[in-house]
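Here are some exercises to work through with the structure open beside you. Try each task on your own before you read its solution.

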Amino acid sequence: MNDRLTAARALVAHGPNASPAIPHLIAALSEPNGPVTDSIMWTLGAIGENAIEPLAKAARSGDSQLHRRMACYALGRYAPHATAKMTTLSSLLNDSDREIRRAAAGSLISLGQHLGRDHEYRDSPLSDDEAAAANQLHPLISTFVGDETLDSEFAEQALMWLTPLR
């Protein structure tokens, strides 16, 4: 486990140059160890745009439900390139698997929180892409409030973070 954790964290420093590792990282998303999985998501976030389409593919048709859910969670983890991530996650709200629909909704909420927090705490303003995604996410996330299958408090917090961006 420590080797996998260390390897994933070491790749973060390489950012987009770590793109050749994307297939291996995505394959390892269903790692049963939380810290390793968290580091893998961090690495995929650091790789950035090149990881979005492979993650989207894994979210749509991964090897298992766990793998698909983890790909959803990875997409909702970081604000950059939010529109592309939002498009994939929104399409999964109609998936035939209830757990995938929940993962997609939860990831959209998470993405909204990240956008709002980045706006609040980052030295630079949100990119045009991020600002557009925040505008689109607000009404979508508001539909999740009161949904018994989701964490309404989490959705309400995301709306609180997104409201100043509207």
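**Exercise 1.** Find out in which hand helix 7 passes helix 9, and list the residues that meet there.

*Solution.* Start with the handedness: in this predicted model, the crossing of helix 7 over helix 9 is left-handed. Next, look at the geometry. The two axes come within 8 Å and cross at roughly 35°, with helix 9 spanning residues 152-162. Now pick out the residues that meet. Helix 7 brings Gly106, Ile109, Ser110, Gly112, Gln113, Leu115, Gly116, Arg117, Glu120 and Tyr121, while helix 9 brings Phe154, Ala155, Gln157, Ala158, Trp161 and Leu162. Finally, sort this contact by class: eight residues are nonpolar, six are polar and two are charged.

**Exercise 2.** Describe how helix 4 and helix 5 pack, and then say what covers the buried residues of helix 5.

*Solution.* First locate the pair: helix 4 covers residues 52-61 and helix 5 covers residues 65-75. Their axes are 7 Å apart, and the packing angle is about 145°. Helix 4 passes helix 5 in a left-handed crossing. On the helix 4 side, the contact is made by Ile52, Leu55, Ala56, Ala58, Ala59, Arg60 and Ser61. Helix 5 answers with His67, Arg68, Ala71, Cys72, Ala74 and Leu75. Counted by class, this contact has nine nonpolar, two polar and two charged residues.

Then turn to burial. In helix 5, the buried residues are His67, Arg68, Met70, Ala71, Cys72, Ala74 and Leu75. Their cover includes helix 2 (22-27), helix 3 (34-47), helix 4, helix 6 and helix 7 (98-121).

**Exercise 3.** Lys85 is buried: which side chain of opposite charge is nearest, and how far away is it?

*Solution.* Begin by placing Lys85 in helix 6, which runs over residues 82-91. The nearest side chain of opposite charge is Glu130, 7.8 Å away. A salt bridge needs a nitrogen-to-oxygen distance within 4 Å, and Lys85 has no salt bridge. To see what surrounds Lys85, set aside residues up to four places away in sequence; it then touches Ile52, Leu75, Tyr78, Pro80 and Leu111.

**Exercise 4.** Is Ile40 buried or exposed, and which residues does Ile40 contact beyond its sequence neighbours?

*Solution.* Ile40 sits in helix 3. Its relative accessible area is 3%, so Ile40 is buried. Leaving aside neighbours within four places in sequence, Ile40 is in contact with Ala8, Leu25, Ala28 and Leu29.

For a contrast in setting, go to Pro54 in helix 4. With a relative accessible area of 30%, Pro54 is partly exposed. Beyond residues up to four places away in sequence, Pro54 touches Ile22 and Ile26.

Then try His24, which lies in helix 2. Its relative accessible area is 61%, so His24 is exposed.

**Exercise 5.** What is the phi of His81, and where does His81 lie?

*Solution.* Recall the general rule first: most residues other than glycine have a negative phi. His81 is not a glycine, yet its phi is positive, at about 65°. To place it, look at the loop between helix 5 and helix 6, where His81 is found.

Notes: Residues are numbered from 1 along each chain as its sequence is written. This is a predicted model: local features need pLDDT of at least 70, side-chain atom pairs count only at pLDDT 80 or more; totals for chains, interfaces and linings use all residues. Side-chain values use heavy atoms; hydrogens and water are left out. Axes are lines fitted to C-alpha atoms, for helices over the stretch in contact, and angles run from 0 to 180 degrees between N-to-C directions. Helices (H or I, at least four residues) and strands (E, at least two) are DSSP runs, numbered from the N terminus. A crossing is left-handed if the near helix is turned anticlockwise from the far one by less than a right angle, and right-handed if clockwise. Contact means heavy atoms within 4.5 Å. Ala, Val, Leu, Ile, Met, Phe, Trp, Tyr, Cys and Pro count as nonpolar, Asp, Glu, Lys and Arg as charged, and the others, Gly among them, as polar. Buried means under 20% relative accessible area, exposed over 50%, partly exposed in between (1.4 Å probe, protein chains only). Lys and Arg count as positive and Asp and Glu as negative; His and the chain ends are not counted.
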